[in-house]
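Reader: Take me through some of the labels used for this structure. I want the cut-off behind each one.

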Amino acid sequence: LFETSFCALLFVCLSEELRQRKFETFRVKTFATSTMAAANAQDNVVKALSYVEKKVQNIELVQQAATSTGLRPAYVAVAGGLAALGFLFFGFGAGFVVNLVGVAYPAYASFKAIETKDTSEDDTQWLTYWVCFAFFTLLEVFVEYILYFVPFYFALKLAFIVWLQLPQTRGAVYVYDHIIMPFLLSKEQQIDSTLHRATKSGMEFLGEATSAVVSTTKDAINSDAGRAVVQQVVT
């Protein structure tokens, strides 16, 4: 009985020792894995900041802000980007920011393209962008009340506009080639006919209105009251 009890006690002690060793091994492995993951994450952050710093090194506004605050240009750029995103998601002037990016910058870029005489590639790029932007704006007018309920609509619109503009993505060219151009080619004769009729009707209306104004003016001048007024003015 004593030997049995001793063996049982020895078995329990060995089991507990084994369990403690397994737990210690697991703890060491978990710590090593966590340390390695943290080191990799830190390396990725450092690489990302270095990449951002290279991209903003020629942006004078970022460099001035970094000099004024004493921060790295990468920190200033990231903070500015986060602030802009927060403004887009939760600010009341998100529409202004989107229009600034979608209209003001392309207008200036179009001016630069027109003044560049040695190539027409940038002219075509910005003409294509304006066609896409006009179609998108026209479509937006008809579904404005629906888009009002879309979460983060202005952030999505900004991303779409930037995608259209960037020469790396060539989004405007893709939208034009695959959506706008096939649609316009299929409706070209109908659109031209409608525009011709509208222009003709407008010119006819303008001619009739002009004739009516001239006739009324002549009648007013030839009337007794009109002659009296003219005589008074002359004398």
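Author: Start with bends: the bend at a residue is the angle between axes fitted to the seven residues ending there and the seven starting there. The model is predicted, so local features need pLDDT of at least 70, side-chain atom pairs count only at pLDDT 80 or more, and totals for chains, interfaces and linings use all residues. Residues are numbered from 1 along each chain as its sequence is written, and side-chain values use heavy atoms, without hydrogens and water.

Reader: Where is the kink in H4 centred?

Author: On Leu 100, with an angle of about 35 degrees. Helices are DSSP runs of H or I, at least four residues, numbered from the N terminus.

Reader: Why is Thr 128 called buried?

Author: Buried means under 20% relative accessible area, exposed over 50%, partly exposed in between (1.4 Å probe, protein chains only). Thr 128 has 12%, so it counts as buried. Thr 128 sits in helix H5 (residues 121–142).

Reader: Which residues does Thr 128 contact, leaving aside neighbours within four places in sequence?

Author: Ala 172, Val 173 and Tyr 176. Contact means heavy atoms within 4.5 Å.

Reader: What makes Arg 170 partly exposed?

Author: Its relative accessibility is 47%, so Arg 170 counts as partly exposed. Arg 170 lies in the loop between helix H7 (153–165) and helix H8 (171–222). Its phi is positive, about 50 degrees, although Arg 170 is not a glycine.

Terms used. Helix = DSSP H or I, 4+ residues; strand = E, 2+ residues; numbered from the N terminus.
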